[in-house]
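Please have the model open as you read.

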Amino acid sequence: MNEAELTFTIGRRAATRQEGTFEVPSGCGRLCLKHDLPDKYTFLTFLMVKDPQGRVRFLKQLGYSEPTILIGEESVDTTIGGVPGEIPAGRWSVSVFLFAEYLKFLEGAPDFLFHVSVSDRWESVTEVIGGEIWAEPGFVYSRYDFSEIYRKGAAWYKGDLHTHTRLSDGKETPQAASGKANLMGLDYYVPTEHNTLHSGWPLTRTMIVPGVEITTTLGHANLFGIDRMPGTLERFLADKEEGLLKEDWRELLKECAERSWLFSVNHPFLHIWKWLLVELPLAAVDCLEIVNDPTYEADEQADARTANEKAILLSDLLWEDGWRICAIGGSDSHNRIDERYGDAAEPSIAGDPATWLYMENLSPANLLDALRGCRAYVTRHCEIESNVRFGAQLSEGTQRFPYRIILKGPQERPDIFYLHNGVFQSCPVTRTEDGRWLAEGEAELCEEGYHWLRFGAREQDGAFLFYGNPVTRGRKEHRFSNFGEIAEELERQWK
């Protein structure tokens with residue numbers, strides 16, 4: 001094929017979506033795209049390629065990646081973000097989207113041009129998919145089996161529900177990310193890239209479940225259980241005005257309900273990435289991220305520890321109001337395994353914090369069911385053994401609730417406790433012969449009406465160790481119906 005060169009504009013006044021086209025002759029076996037965008041602007045830019053049928057064949061935030069992109073017929077010759085397959089003849093398109101979160105870096109800078117060349121040359125790249133392919137052209141996950149069992153047996157399975165790779169703004173390839181997941185002993189791993197999706201994944205023993213982080217100036221939310229690219233995704237990439245974004249969120253929530261996708265609010269109080277869509281109906285929320293990358297607390301400006309503490313309080317307020325929204329954690333890991341934020345004592349790594357989900361067998365479908373049922377707890381620097389089925393709904397006749405919780409990990413005596421309808425109760429803690437920490441006793445649920453019982457643990461200095469989704473009895477009529485209402489109550493209590 002004849003090489004084509006497409007030109008795009010970067011700048012505050014540039015269109016947030018720009019498109020160019022090129023012709024592909026019959027018999028072409030691959031496409032090679034190369035851009036000359038300076039590194040400091042690659043995080044600002046998403047690149048989307050569509051075939052003559054209008055199907056998405058590539059979508060990626062350019063980020064830390066190489067400037068050469070391949071779209072081929074197999075996973076071994078297709079860059080991450082691409083969908084391998086036949087390269088049909090006809091007019092293809094390349095769209096460039098400017099990421100709203102990074103537009104501020106263009107303040108005062110002049111507009112400039114960058115170029116994307118397209119040919120059928122073969123070039124070697126290190127960021128190929130190189131494994132299983134989940135998607136067909138158009139990003140429909142027709143080849144992903146949600147019912148596949150990766151491990152048999154009822155157990156609490158450990159994993160991470162919020163991660164990034166070079167497909168968006170992470171520094172690791174999927175191969176390296178898999179290595180980190182194995183190192184941390186994770187049973188499952190959910191890659192949630194900013195406004196883009198993986199089309200496949202390298203072979204690994206960890207269960208990989210596709211997800212996406214919808215990322216806007218009004219907030220970030222993960223979607224779990226997606227079986228295709230959200231129909232609103234291109235609008236989210238292009239729309240920057242608040243009114244348009246609010247409509248995009250409304251349409252996405254409809255799509256989630258229709259397709260049974262799970263909607264999870266990420267880091268709701270974190271710095272410039274906090275949740276600002278106050279109209280969000282609580283009935284549309286399935287999960288809430290209560291602990292996001294604890295190592296980011298080393299960034300004083302972000303004040304991440306306060307943000308996480310507020311998210312924990314928000315979860316408690318939701319349970320107090322009778323909502324069953326699953327509290328989860330997410331490492332939000334972007335860095336290489338040896339990198340740290342500021343003067344953080346530890347690297348940001350997958351599985352810190354860990355979210356443990358109770359499943360009869362380890363499978364993607366069971367993972368989604370566990371989240372729906374709130375059968376989850378979150379840990380940092382410890383492991384739990386317990387008779388408590390976190391997230392359980394007790395029968396109306398239950399008046400006593402015996403508990404036994406063993407913590408492994410902390411060197412000093414932890415503070416193990418429970419909240420009963422919001423009232424703090426410290427548990428007596430003893431050390432076992434093998435060096436673990438034991439708390440056992442009985443909570444009374446004698447009064448009629450709604451009860452919630454939430455177990456947790458902290459270190460002596462107050463640092464987070466463990467959050468178990470509450471055990472509940474009965475139901476309660478809600479006082480709060482949207483995020484803004486309950487966030488206002490949170491701020492009142494926080495002060």
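The report below covers an open sheet first, then cavities and a pocket.

This is a predicted model, in which local features need pLDDT of at least 70 and side-chain atom pairs count only at pLDDT 80 or more, while totals for chains, interfaces and linings use all residues. Residues are numbered from 1 along each chain as its sequence is written, and side-chain values use heavy atoms, with hydrogens and water left out.

**The sheet**

Four strands form an open sheet in the order S1-S8-S3-S6, and their pairing is antiparallel. Strands here are DSSP runs of E with at least two residues, and helices are runs of H or I with at least four, both numbered from the N terminus; two strands pair if DSSP finds at least two bridges between them. Strand S1 (4-10) and strand S6 (68-71) are at the edges with a single partner strand each, so one side of each has no neighbour in the sheet. From one strand to the next, the twist averages 20° (axes are lines fitted to C-alpha atoms, and angles run from 0 to 180 degrees between N-to-C directions).

Strand S3 (residues 31-35) is joined to S6 by four bridges, and the two run antiparallel. Leu33 has Ile69 as its bridge partner in S6.

On a 1 Å grid over the protein atoms alone, a cavity is a set of points where a 1.4 Å probe fits but cannot get out; a pocket is an open set with protein on both sides within 12 Å along at least five of seven lines, and lining residues have an atom within 4 Å of a point. Grid points are joined across faces, edges and corners, and a volume is the space filled by probe spheres set on the points. The count comes to five cavities of 30 Å³ or more.

| Space | Volume |
|---|---|
| Largest cavity | about 70 Å³ |
| Second largest cavity | about 50 Å³ |
| Largest pocket | about 730 Å³ |

Residues lining the largest cavity include Phe99, Asn195, Asp239 and Lys240. Strand S14 (211-216) and helix H2 (233-238) are the elements that give two or more residues to this lining. By class, the lining of the largest cavity has six nonpolar, four polar and two charged residues. Here Ala, Val, Leu, Ile, Met, Phe, Trp, Tyr, Cys and Pro count as nonpolar, Asp, Glu, Lys and Arg as charged, and the others, Gly among them, as polar.

The second largest cavity is lined by ten nonpolar residues, with no polar and no charged ones; among them are Val265, Leu314, Phe483 and Ile486.

The largest pocket has 29 lining residues, and Tyr102, Asp169, Trp273, Tyr296 and His334 lie nearest its centre. Its lining divides into twelve nonpolar, nine polar and eight charged residues.
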